[in-house]
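I opened my notebook to look up a few things in this structure. Here is what I wrote down, one entry at a time.

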Amino acid sequence: MLKRLTIKQLLLLAFLLAGLLPAMLVSFLSFYQTRSVLKQEITRDMQTLSTAVANDMERMMFERLRNVQSWSQLSIMQELKIGDIDKRLSIFLNGLAQSYGNIYHVIYVEDLQHRVIASSNAKKIGLQNQPQPPWFSANLSGRSLSIAKINGNVLAISEEIIDETTNIPMGQLVVEFNWDIVQNALNNVIKKPTAAALLDPDGNVLAATSNWAEIQSGYGMYAISQFSQQSSMPQWRVQVEKLHSTAVAPVHKLGYTFLGLLAATLLLAALMVRPIAQAITQPISQLTQFVKGFAQQTKAKPPQSGPPEVRELGAAFETMTEDLAKSQEKLTRAAKLAVVGEMAAAMSHEVRTPLGILRSSADVLKREKTLSDEGKEVLTFIGAETERLNKLVSTLIDAARPRLPAFSKLNLTELIGNTVAMLRNQAQAKNIEITFDNQMQAITAAVDADQMTQVMMNLIMNAIQVLPEGGHILIVLEHIGHQAMIRVEDDGEGISEEHQAQIFDPFFTKRAGGVGLGLAVVRQIVLAHGGEIHYQTSQMHGAQFTILIPIQQAS
């Protein structure tokens, strides 16, 4: 049967059997594999996202429970023993509510008959509340908190107030948490076309993004993360979903493109097959020898005879070999530059601390009365150049990878004291007072000395730079359980609520001339030590950064 076919037909059949069919099979397998890998990556990303959101939700709810527990045990709550209490407790509750912005609708105290006797909202005082059946209870430090079902946008959390003398309940503290905070947190974290919802153990939606109903009703990919079993919260879970068609759209587009190219190639092959096979056999053989010669790195030349297409193909192969050689040279050069960049970035971290000491030393020398004018000018140059080098160091850090900490037993009290001493002159230049309040004689922890010094210098220097004349910085070091707590707070303007979620992001800054890497580096170092760092408004109404570092590092 093959003998009856013309050369054109044989070439077309051979092309189909030897070229298109294997290509179609390989392309189909590649398409399927790419689709599977993409779905796995999307699922992994969605799982990571759901875990992060669940952790945030769990942390947010735990903080609310912790607030209620700590407030109910305050000594001011003992005023419930007085029959006709004054406005002092209501003023205190009003201050609590205002300090948390819109997180709480109202905070109030009611007696055993559920009559409101003190409230952050004066209109509620004297009202008789109906007892709310508990939705679930949470146990913190041996104390039980009662949580009522969500009513509208309010989640009521309550705890009994115990008489310190008789150990008998006198009433309860009730905090109405603004559930819109949870709703807004989901909308802020989850971006379209992804949807997410917070679900209870029965699958009921407690909070969801605006597009949840639309995406959840369709065929989609999803990931679920539950609250941890160690949490005092019930087994709530966060479910993240994305429409399947949206997730795999790039793969489908690739498949349509392949089918179009395959059809075009088939049509072109049918048109280009010629009856005279011999005219193209020899040039193709020569081209094969050229390709083999390239693989063996010989100096073979592409064919110079045959149809123009074959000659162009040979020239294209020759151009390709030259481009490959150039590309390999560029990649080698880029790899070397990358190594140099990493080394420069690593060295830049070691330069920053000496620069600060050099600048502080120059400031001390400037105050010498016997210093000549020429000496003062030189010191001015030193200050300017160290500042310029410091900015240069900041740009080098952009490409650096943080090194792993080298842990060793270190006296944190002494480290913080030395850091304060190094920066005290810069603070005095702005009449800023730095107070180091250490509750114990010495606290020792396994940390990296250089990295922890960098953390303290960044936090204190940030405070010095943003504080006005006559400001105050308070540094507190305490031993809490198996952790050392370092708190740096000031009485400046603090950080606005809208920017608090971004302060640890690289390159985010609101200070003129800042690069926005200081707090990002601080957070990296603290996390590398197995610790955590948080921001909140200080009691002095300024900024407060709290660092918790394990005393012993896990082996």
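**Entry 1**

I looked up glutamate 159 and found its side chain meeting that of arginine 143 in a salt bridge, 3.2 Å from N to O. For a salt bridge, I need a side-chain nitrogen of Lys or Arg within 4 Å of a carboxyl oxygen of Asp or Glu. Glutamate 159 lies in strand E5 (residues 154-162) and arginine 143 in strand E4 (residues 143-148), so this pair ties together parts that are 16 residues apart in sequence. My helices (H or I, at least four residues) and strands (E, at least two) are DSSP runs, numbered from the N terminus.

Is glutamate 159 buried or exposed? I noted a relative accessible area of 1%, so glutamate 159 is buried. Arginine 143 is partly exposed at 23%. The cut-offs I used are under 20% relative accessible area for buried, over 50% for exposed and partly exposed in between (1.4 Å probe, protein chains only).

A reminder on the source: this is a predicted model, where local features need pLDDT of at least 70 and side-chain atom pairs count only at pLDDT 80 or more, while totals for chains, interfaces and linings use all residues. Residues are numbered from 1 along each chain as its sequence is written, and side-chain values use heavy atoms, with hydrogens and water left out.

**Entry 2: pairs along helix H1**

How many salt bridges does the rule give? I wrote down eight. One joins glutamate 41 to arginine 44, with the closest N and O atoms 2.6 Å apart. Both residues lie in helix H1, three residues apart, about one turn of the helix. Glutamate 41 is partly exposed at 36%, and arginine 44 is partly exposed at 44%.

I then found aspartate 56 in a salt bridge with arginine 59, the closest N and O atoms being 3.9 Å apart. This pair also sits in helix H1, three residues apart, about one turn of the helix. Arginine 59 has 39% relative accessibility and counts as partly exposed; for aspartate 56 the value is 32%, again partly exposed. Salt bridges with shared partners join Asp56, Arg59, Glu63 and Arg64 into one network.

**Entry 3: the largest pocket**

Which residues lie nearest the centre of the largest pocket? They are Arg59, Glu63, Gln500, Tyr535 and Gln536, out of 50 lining residues. I noted a volume of about 2900 Å³, meaning the space filled by probe spheres set on grid points that are joined across faces, edges and corners. A pocket here is an open set of points on a 1 Å grid over the protein atoms alone, where a 1.4 Å probe fits, with protein on both sides within 12 Å along at least five of seven lines; lining residues have an atom within 4 Å of a point.

Helix H1 gives the largest share of the lining, 13 residues. Among the other elements that supply at least two residues each are helix H2 (88-99) and strand E16 (532-537).

**Entry 4: a surface patch**

Back on H1 (residues 7-72), I looked up leucine 29. At 49% relative accessibility, leucine 29 counts as partly exposed. Together with Leu25, Phe28 and Tyr32, Leu29 makes a nonpolar surface patch of about 450 Å². Patch residues have over 30% relative accessible area and no salt bridge, with like charges joined within 9 Å and nonpolar side chains (Val, Leu, Ile, Met, Phe, Trp, Tyr) within 5 Å. The accessible areas come from the Shrake-Rupley method with a 1.4 Å probe, and for residues only the protein chains shown count as cover.
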